[in-house]
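Morning, everyone. I will walk through one model today, from overall confidence down to single residues. Let me put it on the screen.

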Amino acid sequence: MSALIQSTPAAASTEAAPEKELRPPSYWPFVVPALVVVLAIIIFPWVFTIWMSLNEWKVGSPTTFVGFSNYLRLTSDPRFLEAVGHTLVYTVLSVVLPLILGTLSAVVFHQNFAGRGFLRGVFIMPMMATPVAIALVWTMMFHPQLGVLNYLLSLVGIPAQLWVFHPATVIPSLVLVETWQWTPLVMLIVLGGLAAIPTEPYESAQIDGASFWQVFRFITLPLIMPFLFIAGMIRMIDAVKSFDIIFAITQGGPGSASETINIYLYSVAFTYYDLGYGSAIAVVFFLLIVLLAAVMLYARQRMLWTEIASGA
Amino acid sequence: MTPRQIIGKIGLWLSVLVIVSPAILFFLWMLSLSLKFEVDNAAYPPVFFPDRIAWKNYADVLASNRFLTYFINSLIVTGSATVLALMVGVPAGYGIARMAAHKSAIVILIARITPGLSYLIPLFLLFQWLGLLGTLVPQIIIHLVVTVPIVIWIMIGYFETTPMELEEAALIDGAGRWQVFRHVALPIARPGIAVAFILAVIFSWNNFVFGIVLAGRETRTLPVAVYNMISFDQLSWGPLAAAALIVTFPVLLLTVLAQRQIVAGLTAGAVKGG
């Protein structure tokens, strides 16, 4: 036994020796420049944000260390709490709607038809286009008197809406833009999933005379679930952080009806220049995103377990 | 073709039409707005095909000398941020893939989750201390927050799929690490670099939030310039839509031309900065 233990390191070193000759210096020099950049523009801001959040830090006045009081202030800031609510509503809608529409679109794009590549390029244009430019056109389309959307509604007999100009409809209207913009990303991810599905289950389903809906519900959907989960996760991260569209169309208005955490963070940091408090919001905001991601992972795990338990 | 197949074909084309039309109709309406005189843009019911075409909307936008400045600013910021990101990110992706240092990619995932504004607060202060505000340098540097993770992420994925045999053969022949990278790995990775380049250009070009804080009157990029136009002349839709279309046109063109690369890149990493 002791001989075995003693011989192991020696054997390992003789084995590793010839390999070492084949493995000259190391790959570190390739990584160092990027490491410096990442440290300076990504890691440094993270650390510095945490430090600032512990200080009373306003542009133009001296800073003082205040411990966790910025965080305590958050718990009794009605505008922040309201923003959390807006963010959650906005996020849930902006995840669910693109997931449904994106999956349906992927099923269509999975078929073979002429001009498929080109039309796929057209289909993904909304998510690649400059968000501010798009927001500007949507603002014109939402215009209550001259906007084309109210005209289209009038064609089918629906009364004119105030869209982003009314507190009750502003978030659904922004979600409409977000859904229009990001359904293509879900479509692409699910389309990748569809391409990876084997054909056998479909063949046997056809022999058994399953309907289109049955095939989708019991074969396609379970098989693309991992891809839907990834799409949902990415969508959640982007929707929570959504800024350009909301800022350019409503700036959080009317009043504060569409003020999400990100928009509120912007005003605190760069309208009031309250950088300490803004940093605290940024930290809590980041933790909230991590929490949401953890909840989604947990839900997915639970789903897998119940599937195994039920023998599916 | 049996009747059933014909119905299936018609159904397929109808569904294609339904899912593509929101994108097509939106951009056609954008084009229509940008080519109409104010009378037509303010008409109700809306005019889809105007009798007279207002080319002057485009002429007005392009003729204003500021717009040219902002266009050049955008070119400089996006160009520099993309080239710098490729210079550090391509070797890094190579190194990480060859060392199989997958844990380091976690930094990139966390960077993906972090809200863009939380980079802005500390870097804004840093640029202020360094006296860089008022130049394009802060925007070039902060756009690296967008471009560097995209490039590293895509290049890790790409170098992992390229074969090692050629590199090993070159090493045995006595080539150095750097030579192997430069003459063996890099040429093979060209398609991956193209994907990284295209996505970095698009997400940097589109970026708005960094510019709105860091740009001064002379240093605006196009998205910020267009946003500022909204607040100034809310009512002249023609020139506004024309400006919006000019800003986003390069990206739309790239999307249709390089859709294969974009799809590959987005489904591989789905990395978006900010």
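Start with burial in chain B. Of its 274 residues, 47% are buried. Buried here means 20 or more other C-beta atoms within 10 Å of a residue's own; 12 or fewer is exposed, in between is partly exposed, and C-beta atoms are placed from the backbone.

Some ground rules. This is a predicted model: local features need pLDDT of at least 70, side-chain atom pairs count only at pLDDT 80 or more, and totals for chains, interfaces and linings use all residues. Residues are numbered from 1 along each chain as its sequence is written, with chains lettered from A and ligands numbered from 1 in the order in which they are written.

Back to chain B. Its secondary structure is 14 helices and zero strands. Helices (H or I, at least four residues) and strands (E, at least two) are DSSP runs, numbered from the N terminus. The C-alpha trace of chain B spans about 75 × 75 × 30 Å along its principal axes. Now contacts: two residues are in contact if their C-beta atoms, placed from the backbone, lie within 7 Å. Take the contacts in chain B between residues at least 6 apart in sequence: 79% of them join residues at least 24 apart.

Next, confidence in chain A. pLDDT is the predictor's confidence in each residue, from 0 to 100. Chain A averages 88, and 91% of the residues score at least 70. Where is confidence lowest in chain A, and where highest? Lowest is helix H1 (residues 2–22), at a mean of 43; highest is helix H4 (residues 78–109), at 96. Where pLDDT is low, the predicted coordinates should not be read in detail.

On to the interface. Chain B puts 72 residues into the contact, and chain A puts in 69. On the chain B side, H1(B) gives the most, with twelve residues. That side divides into 58 nonpolar, ten polar and four charged residues. For the classes, Ala, Val, Leu, Ile, Met, Phe, Trp, Tyr, Cys and Pro count as nonpolar, Asp, Glu, Lys and Arg as charged, and the others, Gly among them, as polar.

Zoom in on one helix pair across that boundary. Helix H5 (residues 116–123) of chain A and helix H1 (residues 3–34) of chain B have axes that come within 9 Å and cross at roughly 45°. Axes are lines fitted to C-alpha atoms, for helices over the stretch in contact, and angles run from 0 to 180 degrees between N-to-C directions. So H5(A) is oblique to H1(B). The cut-offs: under 35 degrees is roughly parallel, over 145 roughly antiparallel, 65 to 115 roughly perpendicular, and the rest oblique. H5(A) contributes A:Leu119, A:Val122 and A:Phe123, and H1(B) contributes B:Val16, B:Ile19, B:Val20, B:Ala23 and B:Ile24. That contact has eight nonpolar, no polar and no charged residues.

Now a pair inside chain A. Helix H13 (residues 261–270) and helix H14 (residues 275–309) of chain A pack at about 160°, with axes 8 Å apart. So H13(A) is roughly antiparallel to H14(A). Among the residues making the contact are A:Tyr264 and A:Leu265 of H13(A), and A:Gly278 and A:Ile281 of H14(A). By class, it has ten nonpolar, one polar and no charged residues.

The loop between H13 and H14 of chain A holds A:Tyr273. A:Tyr273 has a positive phi of about 50°, although it is not a glycine. With 14 C-beta neighbours inside 10 Å, A:Tyr273 counts as partly exposed.

B:Ala100 is not a glycine either, yet its phi is positive, about 55°. B:Ala100 sits in the loop between helix H4 (65–99) and helix H5 (105–113) of chain B. B:Ala100 is exposed, with 9 other C-beta atoms within 10 Å.

One peptide bond, too. From A:Gly253 to A:Pro254 the bond is cis, with omega near -5°. A:Pro254 lies in the loop between helix H12 (244–249) and H13 of chain A. Most residues other than glycine have a negative phi, and most peptide bonds are trans.

Last stop: A:Trp138, in helix H7 (residues 131–142) of chain A. Buried or exposed? A:Trp138 is buried, with 24 other C-beta atoms within 10 Å. Not counting residues up to four places away in sequence, A:Trp138 touches A:Val177 and A:Ile249.
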